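Welcome! Please take a look at the sequence and the 3D structure below, and then we can walk through a few parts together.

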Amino acid sequence: MSTRDEGFELLGEVAPELLAEPDVAFGRMFGSEGLSVRGKFFAFVSSHGDLVVKLDADRIEESGLDNMVMRGRPMREWAVVALAEGADRWREVAREAYAFVDSITPR
């Protein structure tokens with residue numbers, strides 16, 4: 001099994017409680033499947049199998065997470081949570097990402 005497949009498996013463990021929230025759905029972003037609220041993505045699996053989440057830029061630093069890098073450029077509000085950090089950490093950070101994106105996305 002590839003690390004990306006492992007990441008999708010782990011997201012499958014984390015996703016059900018988030019999918020129970022209003023307006024949360026699965027969709028595609030950056031060539032991957034992920035979770036969105038009202039069409040705005042907050043979590044998806046990277047090509048390396050890590051979880052990528054949208055958080056406030058200051059919160060990324062406070063959380064000790066690294067920014068996602070795309071084409072050599074750090075993405076300001078996107079952070080990476082390593083596959084090795086496991087389901088509990090993914091669940092915690094994905095829930096925070098959901099709350100952040102929910103708060104900034106018009107209803």
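Which residues of H1 are buried? They are Gly-7, Leu-10, Leu-11, Val-14, Ala-15 and Leu-18, where buried means under 20% relative accessible area with a 1.4 Å probe and protein chains only.

## About the model

This is a predicted model, in which local features need pLDDT of at least 70 and side-chain atom pairs count only at pLDDT 80 or more, while totals for chains, interfaces and linings use all residues. Residues are numbered from 1 along each chain as its sequence is written, and side-chain values use heavy atoms, with hydrogens and water left out.

## Helix H1

H1 (3–19) has 17 residues and reaches 23 Å from its first C-alpha to its last, close to the 24 Å expected at 1.5 Å a residue. At Glu-13, H1 bends by about 35 degrees; the bend is the angle between axes fitted to the seven residues ending there and the seven starting there. A proline, Pro-16, follows within four residues.

The cover over the buried residues of H1 includes E1, E2, E3, E4 and H3.

## Helix H3

Helix H3 covers residues 86–104. Its 19 residues should span 27 Å at 1.5 Å a residue, and its end C-alpha atoms are 27 Å apart, which agrees. The expected span is 1.5 Å times one less than the number of residues.

Buried residues of H3 include Trp-90, Tyr-98, Phe-100 and Asp-102. Among the elements that cover the buried residues of H3 are H1 and strand E6 (73–81).

Conventions:
Helices (H or I, at least four residues) and strands (E, at least two) are DSSP runs, numbered from the N terminus. Buried means under 20% relative accessible area, exposed over 50%, partly exposed in between (1.4 Å probe, protein chains only). Contact means heavy atoms within 4.5 Å.
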